[in-house]
Every structure is written in C-alpha cells, then in structure tokens.
Amino acid sequence: MVEHAEIRMVHRGGSKINFREPVITNDSRFLLCAAGESVNVYSTSTEEYVHDLQGHTGLVTGVVLNPSNHLQVYSCSADGTVRLWDFTDAILIKTFIIGYPIYSIYVSEKHGGVVFLVVPMANYKSSELFQLVAVHLPHSGDQEVEARELSAVLCDVSPHAGAASFGREGEYIAAVRGLQLEVFFFKKQKSYRFSLKSGKKKGAKNAFTCISCHPKEDCIATGHEDGKIRMWRNFNQKKEYTYSTLHWHHGAVNTLCFTPEGTNLLSGGIESVLVHWHYTQENQKDFLPRLGAAITHIAVSPDGSLFSTSHSDNKITIIQSCVKVSAVIQGLVKGDGVWTNLIIDPRSKALVLNGKPGHLQFYSLHRDKQLYNLDIVQQEYIHEEGLDQFEVVKAAFDARGDWLATVEERRKKGAELEINLKLWAYDELTQSFVLNTTVTAPHEDQITAMFFSPSPETTMLVTTSLDGHFKAWLLADHSDANEGFWACDFVGGYHLLKPGCCSFSADGSLLSVGFQEVVTVWSPASWELLTTLSQPPGAIRDLCFGRLSCSKYLLGASTKNQLCCWNLLTCSLEWSTPMDVSLLQTDPLSENMAAFCSQSGSSDLFVFKPSEPRPLYSQKALCTGKVQHAVFAPRDQMLESCEERTQWLNRSQLYFFTQHMDLLTFSTKTEEDRLLASSKQLMVDDSVAVTPFYLLLGKHRGQQLEKQEALTNPMAERTQLPQGSIAIKELLHTPAHVLPSASFLCAMFVRSLLISSSSAREEKEHEEGEMEREEEDSEGEADPRLGESAAWGPPEEFGAPALTKAQERELRKVKTFDHSWLSSLLDC
Amino acid sequence: MASFKSTKIPIYPKLGEKVTPDTLYWKNYKAPVQIKEFGAVTSIDFSSLAPHNYAVTASTRIHIYGPFSTEPVKTFTRFKDTAYSGKFRSDGQLLVAGCEDSMVRLFDVSGKVALRVFKGHTKGVHVTDFTSDCYHILTGSDDYTCRLWDIPNSTELTSYKEHTDYIRCGITSKLNRDIFITGSYDHTLRVFDARVEKSVMTMDHSQPVESVLLYPSEGLLVSAGGRYVKVWDLLKGGQPLVSLKNHHKTVTCLSLSSNGQRLLSASLDRHVKIYNTTNYKVVHNFDYAASILSLALAPDDESIVVGMTNGVLSIKHRKSPEEKREMAGKQRMQPVYRIFVKGRNYVPKKDDFLVSKPVKSHLAKYDKQLKKFNISKALDTALESWRRNRKPEITVAVMKELDRRGTLKNALAGRDEQNLSQLLNFLIGNVVDPRFTPVLVTATEMILDIYQAVVGQSSVVDRQLVRLQELVEREVDYQQDLLEVLGMLDTLFAASLPRKEVPCPGSSRPNGLAEGSLGAPGPQLKAA
C-alpha cells in the first residue's frame, strides 16, 4: 500500500463499530467494541470516545472480558492473534499467536486460562467449514507467546458471533448452524445434536440464527429465521428434550441475550424493537420500539443495569434499566450505497452523505464523529424487508452553506417514479437546516445532476434529468411573505437528448450541460446557448470547469475512454487523452484536479492541472475496484510542504470511498507529525470519563494542582507545617471568649502562612484568589491558599440551610480555621 | 428512541384568491338583505346625519330606509314620472330629486309635500345636488343644460349649455360652493365655476360618462363611462392619471370607502370591484345577481347598498365583533378557561429550578391507528364522511402511506357492501382529480382485483362500478383531446419562434461537431 515515503494512504475514521457485540465493563463505566483494526473504548455515561487499543494488524473479530481479571480484556483478530489488554490505560499486556485467522472468541469463568476460538478447519482449504477450538493460554513472562495447542471441541460451527454460548456455569457449550443445535457437555465430554425439519411449508424458515444460554438454569434460547424463539430444556439426553416457542418478531431474530440473573431474555431483529421477555411468564413482554435501525447485537453489563444494542446503521445504543435510551454512539453510517456522492458542508466542513434511510448524515472528518442526522424524507420508516422506501439520491450545498437542496426518490415496481426536490434554509438560531420548499415531481424522470450556482449574487439551482430537460430554480422573493420560496425559472433542452451532467464555472457566469455526446455552454444570466462542444464518440460522463488560473478550460470525461479539455476562449479542443476516467474532482481551493481511472480491476489516481501536460502526482493501483466517490475537503490550516509531490495536498485533503465502502485519504509526513503532536497535547486523564465540563474545568484544576506541587517543594512544606500546627494548637487551647475577634485572627493567620511562600507563588495565588472571589466574600479570601480547603468548601455551603448574613460570615470564619487546622493535621 | 413521525399531508396550492387584509375586510359582511323596489334602483344616497338613513330612488318613488330597517321609514310619492337622483342636503334636513317630467322637487325630510318645485328644464332631470353652502341646487338634464337654482326664492341662477348630449352625472365640490363638475354622454367632463360664465376645464373621457366622483381632497377626479374608470388630476389641469379597464360592461356607479383608501366601481356586468387607490389594483370583487345601477357605502363602511336593474335593493351589513366571536364559539366546545390555564400562567421565581416536561405530541386518529399497524382501522378513520368530503387530501395521504407500507391491498380487502360503496363513492369523486390520480388509480385497480368475484351480487356496487367506468372513459377522452390541442399549440409556437443560429467561432482546430449539424434549428426553449 505504501509506495511513496512521503504520501501514504490511510484509513480515516468510519470503521464499523457494530461488527461484533460490544462489551460493557464490570463497573459499567466503559463500553468496548471492535472497530476495524482496533478496539475502541467509549464512556457509557457521556458517549464520548475515550481511547482505542491499537496493535492488531487485521480486522478485530471479538472482544471479551477476561473472566479472571475484570480490568483486562481479550481481543481476537483475523490476523491470527489473541491479545490481552489493560483497557483502562490502553496497554497491551500479552499477545498470543494462534496462527489461524480467528472469527470469534468465547470465554467462561469455569475454564480459567482457556479461550475458545472459532477458526477455519485446518484440513479444508476452502474456508467454508469452521471449528470451535479450546486454547490453553500458556503462562510466561514474554510479551509474545505462541499458543498453538489447539484442541477441537466442536466441528462444523458457524463463524458468526452469537452462534455459540456457554451454558450454566460453563458446564456445557451450545452452538447452532443451519438447522442444527449442538450441545457439548464438558464433564461427560459428550455432545448431543438436535436438528429441526427444514420446513418444506412455504414461509416456514426454521434455520437457527442465534443462541443464548440461561446463566442459572438448564435452558437454551435459540432464535430462528422465521422470527420464532425456541426455549430448549431437558437437552442432556438425546430423546426426551422439549422446547417451547415464543413468537413476536415477524422477521428473523438477529440476536438473543439473557440478563445476568436470567430473569429476562432480550431479543432483537430487523423491526428495530428491543423485546424484553420475562423468563418465567413468557407471555409477558415489554417493548422498546423505534430504536432507529435493525438490531444486530445485544450486550448486557455484568450487573445487569445497562443494555447496549448494536444496530445495522453503525450505531450502539446504551439503554438504562430497559426503559430509557441513555446514550447513542454513532459511527459513520454506511448504508446500502452512497447515492449523494461525498459533499463538504461549507459551514461546518463536515462530510455529508447518505446516512440512515431517508437521512443525510453530517460527519466530522477531524473528530471522526457523526455530528447530526438531517431527516430529509420525514416519514415513518417501516422496518420490513422488500418495501420500496424513499431514498435521498442527490444533495447539494450552495457556496455559503445557506441552502441545501436534496432530491429523494422512490421507485415502485411497475409504477410511476416519485421524486421530491426539497430546499432547506440554514437557520442560525437552531443551527440546522429548516425545510423551505418542497417540489413534488420536479422532473418526469430521474434527476442525474444537481448543482447550485457558485456566484454570490444569485442563488440558483440547476437540475438535469433523464426526461431531456434541465431546469433552473430561483429563490422567488416575496415582499408580503417574510421568506421566499423556490420556483422554476427556466427549462432548457437540446434536441431532446438526455442530459447526464452539468457544471458551473467558478464565478457562476457559465453553465455547461452534457447532453450525451454534446457539451452545451449556456449563460445563466440570459439563458442563451453560447456554444456547443463535442468529441464523439462517447457520451459525456463528467464535466468540470477549471479554477483560478485555469478557468478558461472545461474538462469532460466521456464513456469511450477519453478525457478532453476544451479551451473556452477559442471554443476548441486543447488536448485529449485516452483514459477511462471514472471520476473527476476539482479542488475548490486550487487549480488541481483529480481523476480516478479504472484499469484492469483496480483504480489509478492522477492529480493534474488542466494547463500542464504532466500530472503533479500519480498513483497506480490505488485500490481494487472502481472509485465511485471522492471529495476534496479543505484543511483547517494550510500545510507548508515545499516538496513538489505533496504540494497538492497543502490546501485540501482528498477523501475517497473504495468499492468496499472504506473511507481512505492521503496523508503526508508533515501532517502525521502534526497529528502526533496534537494527540500528545490532547492526552487527558483516561480514568476520568471525558465530559465537556471536565475539558473546561478539569484541565484547569489539574494544572493548578501541578503548579502547586511544583512550587511547594518539600523544603517549603516542612517549614510551613510546624508553624501552622503551633498556631492551631494555640487557637484550640485558648478559651473562645478570651480570643480576639475572628477577623483579626484571620488576618494574622494568613500573614503567618504567607511568610514561607516565595514571591512568585504569591502572585499566582493572588490571581487564583481573584478568580474564586466571585463565590466567596472578601473575608474568605484566605481560603484558596490551601487546595484542599477550597475543594471542601462548597459542599458545606450547599448543605447548610438558609442563614442570615451575619451567621454566614461567622460560619465562614470558623471554616477557615477548621480547614487550615485539619489540613495541617493531615499533612503531619 | 425516535418518536412516531406522523403521516405527511401534502399541502396543495389553494386555487382562487389569496387571502389578503383586503379580502378579510370585505368578506366581513353578513349575508345581504334584499328588498324589492318598484323599478330599477337608479340612485342611493346616505344622509350624513347620525342614524344614517338612506334615500333609494326607484321608479316614481323615493324610499328612505333606516340603517337596519327592511321597511321604508318614509316615502315620497309625489312624482308624475320616474324620479332620479334623490339626494340629501349635508345637514340631512332637505332632499332634492329630479324627475323625467323635467321638474326638480325639494322636500323636507319630515314632510310629505314638496317645499319647492324648480321648473325650467325642458327634459328629464337626471342629476341633482346641493352646493356646499346649502343654499343652491345643481341640476343636469337631458336638454344638455346644467343649471344652478337658489333655494330660498326658487329661482334659476345660471344655466350652462356647453354639453352636446345628455348630462347624466354631476357632483358639487364640498370645499368650494361655486365649483361643480358634470359628465355627459358627449364623452366630456366639464368643471364649472359659478362665478364664471363658461366651464373652466374640460376632460375627454372618450366614452359616455355615467358617473363622477371627487376625492375628499378634491385634487383627483374619478369618472366612469363605458368599460373604463379614469382618474384625472385636477391640480395638473385635468391630466389623465390612470385608466382602469376591469369591467366587461358599462361602469355605472363609483364610490369611495370611508377612509378614502379604496375605490369601488359597480357595473352592468353584475360586479363591484374594489381598487386600492395607491396602485389602482383590484383587491376585491363582489358578485350580484343582476346588473348594478347604483351603489353606496354607509359611513365607516357599516353597510354596502347596491341597487340593481331588476329593482332589487341589496344591503350588506358589516359583522359586529360580538357576532364574529359567537361564530367562532359555535364551532368548538372549549374547555372551561380556568381549567385550561391551570398552572400555565405560573411565572417562575428567580431561584426556581426549571424542569422542562417533554411536550406530548398530538397524533391524529388515523396516525394512532397507523402507529399500532391497524391498517384497516386507519383507512376507516381516514374515510370518515367529513374527512372524506372536506379534506380528501388526508384520505389520499393515508392511502399513499398504506401503499408505501405495502399493506393497501389488505386494508382495502374484507369490506361489506356499505363500506365498499362508501369507498367507491370516494373514488368516483376524486379519481380524476389530477392531485390524487396517481394514488387512487392504484387503489382502484386493487379494489377491482379484490372484488371482481362479487361483481353482480349487489346492485348498489354494480351501479357505482358502471359509473366509475363511464367516468374513466370520459376522462380518457378528455385527456386525448387535450393532448391534441397541446400538439397543435406546439406546432404554432414552433412556427412563430424565430430561427436562431448557434454561434460558431471560426476555429482552425477541430471542434468535433460537424459543420452541417450546426445549422440545425436552435435549442428547444420553453419558458416555465
């Protein structure tokens, strides 16, 4: 993958967090989930990303808590290793090399030092058959240990997570595959197989999908494709086993999970409803509906207080005590396809693309976090297979990000196409887009391209459609209504040809529309056809105007392996080159253009300027398959790289989606250095969940403490302590009625403390004192000197009932003494 | 956990007028009171005195009505022939009227017999008016003359014989006792000054003038004649300002609203149009049953009185605010106010900690059923008679939603005769509505599929099916005709569009496009 030392292709965010079931730690504070090649740790209370466990070189396929140490976690990966981690500090403790790609991992408390792995059967190269093996993890001090003693437990198991489960106290393990349930008893070293009929009847799909064993009783719950749940009992013999059936789901049961006490069974499927069955009264069930997308995994925290459900839209929902959704961890949603292309929101610089069905997602590339979902279709989504749903197929932002245009489409079998064009205005108050205009059936056929005019004076939208027309939409100003709406301004066509693409020049003065083989150039001001350009054969697939110094060029990519560049001043072909360009992208901040070409099953990238014959950068065999979507994302800060090869990455970054929906980007050395530096800077105390509040105050508090530690060196402390204690002794032993007034004493006391500290510290203290003076009266000013007393103060204040001013003042005086005395005692 | 998203009811653009403050104002009148007079009502005049009685001239009588009476409070019948132009003096004490027998009679409003009779005209007198000093009377007659009379000694003061045709309208200035304006069938408007022998200003309306009106400031003059209403600037020497052509028959009467912001014109085409006097756009329109001859507005626009050729006097009274409230109250039973505002008007104190309660969203009945996946019930709810008749878009939206869920067929199936005939009725009413056709055609097809087995078992359903078939066949014919017309129009447009050459700069390098194809007709342009 790495060909050039300076430019590297890297995965940037967007990994699947719903691939395997997550793990909630014993104290319910963290949630661990497999995410691509690492394990991510999230805080359950704040849904913030805490850190990740990096080290695997292949896809992580399973995460389980170490049953003998609840602060450690095992993870297995397709790279053939099992790794043991300390997840609180993100330290890799041990690596066990198994040697086979691992598909899932199971552990049990009863089997200490043994992990059960699903690996492909050694003698079958086809990798169709899998077996469950037990691996004794050797005890040794080394970091890397080879553990190659595998003992097969069950043959022919399913590689899916959730297809095997440990029974009551680890006495048996049950696995399902196809129409078969197999239970292996460790004591008897014997396995029983139970199989169901294939169900010749129409609609009866008996195949097993998932399994869960009751933790306290001999009961196995299995989920089936037809939506039934079977509860197996009495299965320690071949003949007299029984099962009862529960049925609520109408689609396949994706996942099952017993709560730790076994009182409840949770199930989930495509309906995106979490069903909560009561174990003893099975006709009683609770529902948690509308969780957003099909449930793929359910996990329960060891104390049973938190549930987490993974969803097919790359989301983990944390549910508190079965009724309330308390947190949602959302990754980059990768739906069935990206129809909208990748777009950059000019306002938030977020990547915008299809999200959940009927939604647009705004994804922050810098923070690798979904910012928000914009509901475009605004219809109740029916979670059922085989329905034709509305999909967002096109989206476009205007130059300033004030307007968003979306096109949604629903094609019914044998019926008319339903198209809606929606225009959304950005609302400063709510910081989101608000629906302004809905145009039903803007065109009679599919819309092929949609762009806003980049000129700052007019907000104009152009749509091209397969019905042979392109339409210009303008914001109609209405004096009596306070906000305008959009209306069609112009309908154009060319010889009834079907327009496939369109593009505005950088200043919005020219519009080019590609009508199959002909490129037409229009003036949006007068809607005059200025000129036509053509280079047959081959229909135009992509059109781009040059920018900045190259604005006189128009580039077009045609289907017949041609990339043409026309000079708009002479209206003639400047150059053309045989290239099978699948995607043409312009950098909005420079003259550069990127062309992705597909050649013999893989994609090449060329970055060039239209005016120069030589590409600035080229990379052969970027990835397998065609690159369909790419975008230049502007950088926050410009990179200062002088190397010629990397200069094109200075202003913006190129992101692209491969065929397998991996989000990739190019990174340079200078950028990585900078990232490394910033990550060091951002290092926070991992043991505390990162909340916005903590980020604001915690850092400040930490620095304060650090400074104090640095300044109050042992010498000063020692000199201070005796003094303090003497003064306090004096104070405590003198009867209260003979003491001078407290305010007098206070000043004295403070002065006595001041002697020991250096002048530099005094200044600091003074500043801090000022900051906290907002809360405390001038008499309490002596307080902040001692870190502890300042920290203790507030709770007492809150706890106290309403007092008069005078009483309060007295209390505060007492407090100052109290704390100083206590703290000095503690220090002694 | 997201909440249930309710079914989207598309908003269709409302056909007809837009709601503006003007329409609201002018629609705020009760249903008209109609009084039958003896003949065509030629003139209506409001008294400026407090109860604002009005004099209605029709045939040989003048009736005086009170503001809310349907019976005349007073009648003057001493006319030998058709009476014209019964007018009150500004103090409301005297009334003057012309007559076809060329005599002008002056009445005391409380009396019966004419106080004075002015003789001198040789033909019928259609125009009478008091001057602003209340001592003189202006008359205009079919003998082409207009005269000024002195009331106390009933003598003719002056006579102007400048018009060359019947004088059918005239008005005196309210600010100057000597100035008056007459309009005649000789197409001219003349401004006279009693101190001068001749007319001081002449304007050409180019149609026989039926009515004149002065603005309260008397800077602008409005005249109506033929289909035109024209506005003249008197201060600029009678320069025409605007010419309005909004009626399709002769405009017979003009009036100003009480605040002078709106101008009303009545016409033989049975319409009263209301114009904005700043931009002279029509802001509202009233329809009447017959051609209108006279129109008057009560002070403060309290009522609009219109007289028609068939002798019907139509009076519209403004709705009083109490009545309006009553109407609103009738529509919905409201909960007791005290219960309604309970706890809502509590103003949080300074130190109160506010806990916001999630607002419970209200779902419509059919949405509640949809939420529970009760599809047949949802369709039943949407087919409830008032919803079906008043808001068919809701029924159609629910059908569309069911179709989207793939359950429309199940929801339509299993209905008895009554239910089915209800459904078919709805389809017959709405299937050809272009807004609903795409959804309802699928629904109709499904119904035919489902119920084809029971055709012939119920006469009601069979009759409806036949009606539906006829309807669809007729609609198909219409559509075909329309497409034919569209094709003809396209040909006409294409022929009228000038041929446009696509500019092709001379280039030595190949442009790719052959020269021949450049000469082809220009792009197909169609304005939206």
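Trainee: Is B:Met399 buried or exposed?
Mentor: Good place to start, and keep in mind that this is a predicted model. B:Met399 is found in helix H7 of chain B, which spans residues 392-404. The cut-off for a buried residue is under 20% relative accessible area. Because its relative accessibility is 0%, B:Met399 counts as buried.

Trainee: Leaving aside neighbours within four places in sequence, which residues is B:Met399 in contact with?
Mentor: Contact here asks for heavy atoms within 4.5 Å. With the neighbours within four places in sequence left aside, the partners of B:Met399 are B:Leu379, B:Leu408, B:Leu423, B:Phe426, B:Val439, B:Leu440 and B:Ala443.

Trainee: How far apart in space are B:Met399 and B:Leu412, C-alpha to C-alpha?
Mentor: Along the sequence, 13 residues separate B:Met399 from B:Leu412. In space, the C-alpha to C-alpha distance between B:Met399 and B:Leu412 is 9.5 Å.

Trainee: At roughly what angle do the axes of H9(B) and H10(B) cross?
Mentor: Two packed helices are described by the distance between their axes and the angle between them. Helix H9 of chain B covers residues 417-430 and helix H10 of chain B covers residues 437-451. Their axes come within 11 Å, and H9(B) passes H10(B) in a left-handed crossing. The crossing angle is roughly 145°.

Trainee: Which residues of H10(B) meet H9(B), and how many nonpolar, polar and charged residues does the contact have?
Mentor: From H9(B) come B:Leu420, B:Leu423, B:Leu424, B:Phe426, B:Leu427 and B:Asn430, and they meet B:Leu440, B:Thr444, B:Ile447 and B:Tyr451 in H10(B). By class, the contact of H9(B) with H10(B) has eight nonpolar, two polar and no charged residues.

Trainee: Where does B:Ser85 lie, and what is its phi near?
Mentor: B:Ser85 lies in strand E6 of chain B, residues 83-88. B:Ser85 is buried, since its relative accessible area is 10%. Its phi is positive, although B:Ser85 is a residue other than glycine, and the value is near 55°.

Trainee: And what is phi of B:Ser102 near?
Mentor: B:Ser102 has its place in the loop between strand E7 (94-99) and strand E8 (104-108) of chain B. With a relative accessible area of 14%, B:Ser102 is buried. B:Ser102 is also a residue other than glycine with a positive phi, near 70°.

Trainee: Which ring does the charged end of A:Lys188 sit over, and which ring does B:Arg405 lie over?
Mentor: In chain A, the charged end of A:Lys188 is 5.0 Å from the centre of the ring it sits over, that of A:Phe185. In chain B, B:Arg405 is 5.2 Å from the ring centre and lies over the face of B:Phe373.

Trainee: Which residues form one aromatic cluster in chain A?
Mentor: Ring centres within 6.5 Å make a pair, and the count over all chains is 51 aromatic pairs. One aromatic cluster is formed by A:Phe470, A:Phe490, A:Tyr494, A:Phe515, A:Trp522 and A:Trp527.

Trainee: How many helices and strands do chain A and chain B have?
Mentor: Of the 828 residues of chain A, 52% count as buried, while in chain B buried residues make up 44% of 528. The secondary structure of chain A comes to seven helices and 57 strands. For chain B the answer is twelve helices and 29 strands.

Methods:
Residues are numbered from 1 along each chain as its sequence is written. Chains are lettered from A and ligands numbered from 1 in the order in which they are written. This is a predicted model: local features need pLDDT of at least 70, side-chain atom pairs count only at pLDDT 80 or more; totals for chains, interfaces and linings use all residues. Side-chain values use heavy atoms; hydrogens and water are left out. Axes are lines fitted to C-alpha atoms, for helices over the stretch in contact, and angles run from 0 to 180 degrees between N-to-C directions. Helices (H or I, at least four residues) and strands (E, at least two) are DSSP runs, numbered from the N terminus. A crossing is left-handed if the near helix is turned anticlockwise from the far one by less than a right angle, and right-handed if clockwise. Ala, Val, Leu, Ile, Met, Phe, Trp, Tyr, Cys and Pro count as nonpolar, Asp, Glu, Lys and Arg as charged, and the others, Gly among them, as polar. Rings of Phe, Tyr and Trp (its six-membered ring) pair if their centres lie within 6.5 Å; planes under 30 degrees apart count as stacked, over 60 as edge-to-face and the rest as tilted. A charge sits over a ring if NZ of Lys or CZ of Arg is within 6 Å of the ring centre and within 35 degrees of the ring normal. Buried means under 20% relative accessible area, exposed over 50%, partly exposed in between (1.4 Å probe, protein chains only).
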